[in-house]
Amino acid sequence: WELTTGIRYDDFSDTGDTFNPRIALVWATRHNLTTKLLYGSAFRAPSFSELYAINNPVALGNPDLEPETIDTLELSFDYKPTLDLQLGLSLFAYQAKDLIEFVGTSSKTAENARDQDGRGLELEMDWKLSETLRLRGNYAWQRAEDEETGRRVADAPGQQAYLRADWRFRPDWVLSPQATWVGDRARAAGDLRDEIDDYTLVDVTLRRSNLLKHLDIALSAHNLFDEDAREPSGGQIPDDYPLAGRSIWLELSWR
């Protein structure tokens, strides 16, 4: 068993002082399993414009703002069933208080507008299948809600997954395909647009080491299948923010 703890103290002339503790309890459960229980708190002090902006009638400051705060709790397991396979599982929850937003109709003022609760999990894998092939991947699920209304927080992905392979098919040659999937994003209350589409981005990199004595070279294709991927705009852009289409990159590295 191992216990690590600390505390951070900050004092702001505008918003006062704050104490934020952190605690980590680590248990070597077995020779191939480690269990961790982590707690921490943090804060974000209001920015100068959130406190004092007066020249922009659309977004006015508020000198009475309190800092945003968050308390987090995490339980994680690091498991190595074989020498070639490592697995990780993390369960987490958090509670954020006094989140700052500009609220109002025609003229908006910074306020400690709402509190937010969240929970989720993360899975990780690193698997060396052979001397020439390695797989890495992760999956994350999360749900964040407004504490007062119980509605999901808009725009943040509810799920995300990633998988990558590194194949050394010849000495000094490595082929690395990878795929990233992002999905399950909710619109804000009152946003009547269609639901945000999920997307999958596929990238491929071919790397050659020691092409010359000190030269490495890599050729990469990003968004190989030219997926029409978009990130939510919060209502500002009707069709959301488009991500880059297919692109080809050439990298030279001289040692």
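The model is predicted, so local features need pLDDT of at least 70 and side-chain atom pairs count only at pLDDT 80 or more, whereas totals for chains, interfaces and linings use all residues. Residues are numbered from 1 along each chain as its sequence is written, and side-chain values use heavy atoms, with hydrogens and water left out.

The largest nonpolar core consists of 5 residues, namely Y94, A96, L99, A144 and V153. Strand β6, which spans residues 85–104, gives the most to this core, with 3 residues. Here a nonpolar core is a set of buried Ala, Val, Leu, Ile, Met, Phe, Trp, Tyr and Cys residues joined through side-chain atoms within 4.5 Å. Buried stands for under 20% relative accessible area, exposed for over 50%, and partly exposed for values in between, with a 1.4 Å probe and protein chains only. Strands are DSSP runs of E with at least two residues, and helices are runs of H or I with at least four, numbered from the N terminus.

The structure holds 22 salt bridges, each being a side-chain nitrogen of Lys or Arg within 4 Å of a carboxyl oxygen of Asp or Glu. Side chains of opposite charge can pair when their charged atoms come close. A network of salt bridges links D126, R134, R136, R164 and D166. D166 is buried, with a relative accessible area of 14%. A further salt bridge joins the side chains of D166 and R164 at 3.0 Å, N to O, and R164 counts as partly exposed at 27% relative accessibility.

Strand β8 (residues 133–146) also holds Y139, a partly exposed residue with a relative accessible area of 27%. Leaving aside its neighbours within four places in sequence, Y139 is in contact with L121, E122, L123, Q159, Q160 and A161. The side chains of Y139 and Q159 are joined by a polar contact of 2.6 Å. A polar contact is a pair of N or O atoms within 3.5 Å; within protein, one must be able to donate a hydrogen and the other to accept it, and residues adjacent in sequence count only if both atoms are side-chain atoms. Y139 and L215, in turn, are 76 residues apart in sequence and 35 Å apart in space, C-alpha to C-alpha.

The largest pocket contains about 410 Å³ of space. Its lining is made up of 17 residues, and the closest to its centre are E101, R114, A154, A188 and A189. The elements that give two or more residues to this lining are β6 and β7, and β6 supplies the largest share, 3 residues. On a 1 Å grid over the protein atoms alone, a cavity is a set of points where a 1.4 Å probe fits but cannot get out, and a pocket is an open set with protein on both sides within 12 Å along at least five of seven lines; lining residues have an atom within 4 Å of a point. Grid points are joined across faces, edges and corners, and a volume is the space filled by probe spheres set on the points.

Most residues other than glycine have a negative phi. D184, however, has a positive phi near 60 degrees; D184 sits in the loop between β10 (173–183) and β11 (199–212). N210 has a positive phi near 55 degrees and is found in strand β11.

Notes
Contact = heavy atoms within 4.5 Å.
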